[in-house]
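Let's take a walk through a protein model together. Have the sequence and the 3D view open, and follow along.

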There are 4 protein chains.
Amino acid sequence: MAYFLHCVPSLLLYATRAAVAPASPASGAPASAGPADPALIEDLVAANRILADQGVLDGYGHVSVRHPKDPQRYFLSRSLAPELVTAADIMEYDLDSNPVDQRGRAMYLERFIHGEIYKARPEVNAVVHSHSPAVVPFGVSNVPLRPLYHMSGFLGEGVPLFEIRDAGGMTDLLVRNPQLGRALAKSLADKPVALMRGHGNVVVGSGIPLAVYRAVYTEVNARLQATAIGLGGSVTYLEPEEGKLAAVNIAATIGRPWELWKKKALRK
Amino acid sequence: MAYFLHCVPSLLLYATRAAVAPASPASGAPASAGPADPALIEDLVAANRILADQGVLDGYGHVSVRHPKDPQRYFLSRSLAPELVTAADIMEYDLDSNPVDQRGRAMYLERFIHGEIYKARPEVNAVVHSHSPAVVPFGVSNVPLRPLYHMSGFLGEGVPLFEIRDAGGMTDLLVRNPQLGRALAKSLADKPVALMRGHGNVVVGSGIPLAVYRAVYTEVNARLQATAIGLGGSVTYLEPEEGKLAAVNIAATIGRPWELWKKKALRK
Amino acid sequence: MAYFLHCVPSLLLYATRAAVAPASPASGAPASAGPADPALIEDLVAANRILADQGVLDGYGHVSVRHPKDPQRYFLSRSLAPELVTAADIMEYDLDSNPVDQRGRAMYLERFIHGEIYKARPEVNAVVHSHSPAVVPFGVSNVPLRPLYHMSGFLGEGVPLFEIRDAGGMTDLLVRNPQLGRALAKSLADKPVALMRGHGNVVVGSGIPLAVYRAVYTEVNARLQATAIGLGGSVTYLEPEEGKLAAVNIAATIGRPWELWKKKALRK
Amino acid sequence: MAYFLHCVPSLLLYATRAAVAPASPASGAPASAGPADPALIEDLVAANRILADQGVLDGYGHVSVRHPKDPQRYFLSRSLAPELVTAADIMEYDLDSNPVDQRGRAMYLERFIHGEIYKARPEVNAVVHSHSPAVVPFGVSNVPLRPLYHMSGFLGEGVPLFEIRDAGGMTDLLVRNPQLGRALAKSLADKPVALMRGHGNVVVGSGIPLAVYRAVYTEVNARLQATAIGLGGSVTYLEPEEGKLAAVNIAATIGRPWELWKKKALRK
């Protein structure tokens, strides 16, 4: 009995840490799932630049991609403004958002947005978190964000609102630990986009081009919807079936905007 | 009688295909009407770049021109983002929107917008389809788009709304076959611009410079009109006669903006 | 009697032309008042570029300056998009807007805006006509354009509206002859800015830097005023005395923005 | 008695100057507190460029920093458009806003904004005065500027309005002397931002990166808030505790946007 007494503090510490902070495994950093395909890392770097170029990301926000060889790993830049991200900045994480090989690099405080969504959504392979400016107002309004044209048909499934007060009371609005990440993933449910009240939004997709497309057109739809509302008359939104059919078509033609955006963003 | 029985399947096939899909003539691709004047192709390429530069087109949308030597042919780029279009991308089509020499190149799904309008409007020689952002809100609003200054006098004839549900029920909003193209052309009637609900708009003209001018100033008018409405007071629109006179004047001075836009767009 | 019959057609023709078109003096072009100071022409070219750069002018609009040596002459570019204007494009006119040395160059249809204002306003030495986009909505609204901050104090004198229907009935909205130019000058009266309903605006000043400054800050004020109104509460405009004092101060510090704008515009 | 009569005019002159103009000490210019660390001057130059680049400053406005070695001195450019400011333009002032070594250089009329705030706020080491465009409308509206997302949590303390009529009656709106500067500092009180009715705003911080961050995100919040209000529904602002927590977090992560902005602004 006495033998174990010395363990109590560390057990309590581990329990406490597990409850309130990201758990660094007592055994060390998680193992790498192997190097990523350079083409995938290039797409991830391009995604950062595209989203900055398209006005979705500014000095803040981030985009990740799940490791193709291991669903328990994902790639995300070190803490850096998106438009400065290069291949050398990409880090590998497990789904608890522990770094595989940190090497002293600063990590995004909100990496838990990515890890927890990858846990909850096996079909999702790319996640974008942004403060895209036309969308933030919808996150603090009781006017729902809805698709008004075919480019944003994917919004037709509904756009949930993550209210962080429900999960964490009064906070700095940041998803800075796994519990808040799990609460966000729960609000997101099976949808492609969730608003984060007083903060921004998160967008997911089966791959980088689709997640980037959705992030861009969520922003565009928000801008157009504000204008349509401002005209003062009625607004005709897409019917659910129109939204579904439009989303299917877009997913099939994702190459066209992706090629253009990648070309423009990597040129700078 | 028996002799013809073997024709029945192919007749049925042709009838079916004609009803639901773009007809590839059973006899092969349509014949070319001959090479286009390089100056015309240069203008078509410039139009793509200008419309992207002026914020009318983004990764989507397209512009075509009727073949000067044969009203049954038109030129349109292969499926590509407008700002990437070069002379080598331009393809020739018949008015059923069949390609003359496809060479495996991907075609715009909505080329039927162009072909069907060229059929319905003998005086039209250029067509622009876009999702120009200030106009989309008018396409989902019951507030009519109307000209409020001389630059957009051509809107004074009226701006019809194409509601695709009337022609195709619940769709992905795309004009992806001749029937929908015909329905759009019918809504457009004899007007220079039609709104496409939940999608974008189509603009026509007797030549590329006029169609491009109209596309740009439809967008500008939409932006100005939203602002004027937002001031909260009355809005004075052009009288029909003012619109007509203004449109005549603009058509006569179309060289000035065209030269400037072409210079700026081809410089990039 | 019979002798004069052959003159009747040409007399009728001249009478008709005098009534409806700018009179080319039967005696020939007006005499030049001498070459302009190259520094003045450089400022006029810079003004064109600055106003395009600042979003006041696009492919349309123009700016002129009175001849320093002769108040009966002014300088204005040939008909060309403002951002393409160079020193070689500048032409000299009399106040009836007849060119001194046309050399087949196309003239702005609306040069009468400049000539007639120079006649009516001896203290004015520079005139800007534009379709600056935030101002056009005020020209079609019953909400008056008023200064809400010190930079646009000069609007505090009042901003008259020129309604062309009063002078010319149903027109194409263009000030295309001296009569309409006189009507515009009459509406402008002694103010620095007049709105032109369904068209744009005209701005005047004692020199190019002041006219350019006023054109830019009329546009900025219009933008800010639309935003202030959109907040839905009360808007506090400048008191008349504040407007006067602010305008005096700005006129005294006009060098600072002018230097910056000239530098940026001529760099391109 | 007679002896002193000759002093009367100069005494009257001095008294008059003291009442209406910035006092140049009868004894000469203030002494320098020594050269500034070149890295600090580089940050001040960068701040000017960043704020112009981010749309907060245009041809007007200015940013200063307190002298690290002497709280009675501060650095501010000579009167110049912010984007043209270089290290050689930086001047040193005492807190009465007298220049240490003027060398005939023109001074910002409103330098008293800086000097008087440095007197009133010992913990403030950087001050930004701007006419940032989205904020001006809030300065003339009775709709209060409030934080709606975590990036502008610092606005949660409240944003006072400086009404210059209370201090100076009818003026040209400029803070052109110490009395008006003191009145502004009094309105600002202990807050990070104050609106200046009919003029612009002032933003303070414990250092240049924080003051610049706050200036940028005050502008962004103003833009987002106008959009949120325009949606026509309710708007959920940050709770006071959320604002405080968010502000603490941002102050800790100020390096990330600062590095990006500095890089982009100094590249031009």
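Predicted model: local features only at pLDDT ≥ 70, side-chain atom pairs only at ≥ 80, totals over all residues.

Residues are numbered from 1 along each chain as its sequence is written, chains are lettered from A and ligands numbered from 1 in the order in which they are written, and side-chain values use heavy atoms, with hydrogens and water left out.

Chain A has 10 helices and 7 strands; these are DSSP runs (helices: H or I, at least four residues; strands: E, at least two), numbered from the N terminus. Of its 268 residues, 57% are buried, meaning under 20% relative accessible area with a 1.4 Å probe, protein chains only.

What about empty space? Rolling a probe the size of a water molecule over the atoms shows where some is left. A cavity is a set of points, on a 1 Å grid over the protein atoms alone, where a 1.4 Å probe fits but cannot get out, and its lining residues have an atom within 4 Å of a point. The lining of the largest cavity includes Phe154(D), Tyr213(D) and Ile250(D). Helices α8 (208–230) and α9 (240–252) of chain D each give two or more residues to that lining.

Next, find Asn48(D) in helix α3 (residues 38–53) of chain D. Is Asn48(D) buried or exposed? It counts as buried because its relative accessibility is 1%. Its side chain reaches the backbone oxygen of Leu44(D) at 3.0 Å.

Finally, hop to Ser141(D), in the loop between α5 (136–139) and β5 (161–162) of chain D. Ser141(D) counts as buried too, at 12% relative accessibility. Leaving aside neighbours within four places in sequence, Ser141(D) is in contact (heavy atoms within 4.5 Å) with Leu231(C) and Ser234(C). A polar atom of the Ser141(D) side chain also lies 2.9 Å from the backbone nitrogen of Val143(D).

Definitions and conventions
Buried < 20%, exposed > 50% of the residue type's maximum accessible area, 1.4 Å probe, protein only. Polar contact = N/O pair within 3.5 Å; in protein donor to acceptor, adjacent residues only side chain to side chain. 1 Å grid on protein atoms, 1.4 Å probe; cavity = no way out; pocket = protein on both sides within 12 Å on 5 of 7 lines; lining within 4 Å.
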